[in-house]
Structure formats: C-alpha cells, structure tokens
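Work through the exercises below with the sequence and the structure side by side. Try each task before you read its solution.

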Amino acid sequence: MRTVRALTAALLAGAGLLTGAGLLGPAVPALADTPSPSGSASTAAEAAAGPTEAGTTFRTAAAFRQGRQATAEASTGDYLYWVFPADTGQRPTVSASVTLPEPAARHGSSTWRIDVYDGLRRRQPCVYGMQSRTVAKEAPAVELSCTLRTVRPWADAWDNDALPGSYYVRLTVTGLPEEDLGQPFAARIGAVSVDQGGAYAGGGSLAAPLVPGATTEDAAEAEAGASTPSAVEARAPEDGWSSGWWSDRWVWTAVGGVLGALAGIGGYALTRGSGRPSRVPPAV
C-alpha cells in the first residue's frame, strides 16, 4: 500500500505540473470557433500600415500581412489583386468590405465576389463564408468573406491542398448593369488566421514555401552569402516561416509515454502481491 500511495502522489504531482504548464489544455480551438485576429492587440496605426493600392494582375498584387488592412480605390469592373503569407497549421479567413457608389448613380443591383489562390495560382475553395453576394441598388456596401482549409506542411503532387506560401485575393464585380461600369468604389481587405495546432499537422515539409520567385536551397544560400534577401524571406510572415517538423503532437506523445509508464508501474505494484504469506513455513 505504501507503494500505491507513493505512485498516486507522483501521478497527482505530475498532472499538476502539466496543467500548470498548459500542456493538458486544449491543443487547438474548435472548428466552430470564430477566427480571432493574429494581432488582436495591434493598434489602428498598425492596421492602417497596409497598402493603399491594389494590383491588377497576379504579378502586381499588393502585399500585406495578416492582421492588417489593405485598401484601394478603383473603378467598377476592375480586377483587384492582393497577396498575403499563410504558414503551416493556420486556417486563414479573408474578408472584404466594398463601399459602393451612391445609389442615385446606379441603375440596378450588383454582384461582387472574392477568390483566393495559392502560390501555384490554384483557386482554393472556401470552407465557409459568403464569397459572392448580390446587393440591391440602394445598398451602401457589401461584405464578403472566405475561410480556407487549414494549411498543410506538404501534399502529394495530385492533391489540391492548401500549402504554406503566398495567397492571392482577387476582388471584382461579376454582375451589374452595363451603365454602371466605370463608377468609383472603395475596397478594404483583411486576413486573419486561427492556429489549428498538431491536430492538423502532417509529416514532411516543402523544400520552400510557395512564393513568387522561390529558389532552391543552394540558390537561397548563395543569396544569403551575398547579403541579398531571398524571395522566401521577403514574403515571410512577421515571425518567419515554420520549419514544418515541429508540432504540439510531440508534447502529447511525450506526455502519453510518461503516463503509460506510470500506469505500468502502478499495475505491477497492485498485482505482484505482498510476497510469501507469514503462515507458510520457510522450508515449504
């Protein structure tokens, strides 16, 4: 019984230490959680630090980072492009707010749409969100959103999974009266992510994130030796790209191994008995 009491005390102490360290808390937020901004404490000045113009093609897409806002003014009918980085384990949500022309100047309803493409310019489907919406002539603005799948560290060549790298956002109007083409409008684009953690981690990693101008490892080392920032570094998130091999699955595996070992010791202590009964003679 002394062994059992000692083992129980050790288990309780270990659980207390793990709970205090936050290792036994939820590893990832629920899928239904509302995404929170990556930089929730960012000030209005930081939010306004994004680009104030948009590109008109993939090559000229205006770059911004998650947690910040990008704005632009254009004419109805233009295609506007932005690009932002997304890393392994993130589930990005892109939102767009379009301020429409005055109702008196419009001739009918209009339909607006945002599309998101990865670094290989493959259109990524939305898990949920309203990526296309039709608004009445009197509507002052339209709100759009698109939540992507969780970014994976790698995928097979035939898969269309979201991979770490650059993500392009395209905003345009897909339906309106011909008389309304060319009218001015204002757009605001933002992106935030929920970190899904080890529940969505996978083995392996890409040789380099999918960003425009990414080169091989040897070429990247040569650029670093010449003190020239590589395209991958220039397009990286604020805290850099993750290595792809680490996830909190390692923590849970270690905790499970320790608890399994303690359970084995406890089972042995409970089943081995107390030895030879005192009533049995030594010679028997």
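Strands (E, at least two residues) and helices (H or I, at least four) are DSSP runs, numbered from the N terminus. The model is predicted: local features need pLDDT of at least 70, side-chain atom pairs count only at pLDDT 80 or more, and totals for chains, interfaces and linings use all residues. Residues are numbered from 1 along each chain as its sequence is written, and side-chain values use heavy atoms, with hydrogens and water left out.

**Exercise 1. Find the disulfide and describe it.**

Step 1. Apply the rule: a pair of cysteine sulfur atoms within 2.5 Å. The count comes to one disulfide.

Step 2. Name the pair. Cys 126 and Cys 146 have sulfur atoms 1.9 Å apart.

Step 3. Locate both ends. Cys 126 sits in the loop between β6 (123-124) and β7 (132-135), and Cys 146 in strand β8 (residues 141-147). They are 20 residues apart, and the pair links distant parts of the chain.

Step 4. Read the angle. It is -105° about the S-S bond, and the link of Cys 126 and Cys 146 is left-handed.

Step 5. Is Cys 146 buried or exposed? Its relative accessible area is 1%, so Cys 146 is buried.

**Exercise 2. Describe the largest nonpolar core.**

Step 1. Know the term: a nonpolar core is a set of buried Ala, Val, Leu, Ile, Met, Phe, Trp, Tyr and Cys residues joined through side-chain atoms within 4.5 Å.

Step 2. Count. The largest core has 32 residues. Trp 82, Trp 112 and Leu 171 have the most contacts inside it.

Step 3. Trace the strands. Those that each supply at least two residues of this core include β2 (69-75), β3 (80-86) and β8.

Step 4. Look elsewhere. Another core, of six residues, lies apart from this one; Phe 58 and Tyr 168 are among its members.

Definitions and conventions. Buried < 20%, exposed > 50% of the residue type's maximum accessible area, 1.4 Å probe, protein only.
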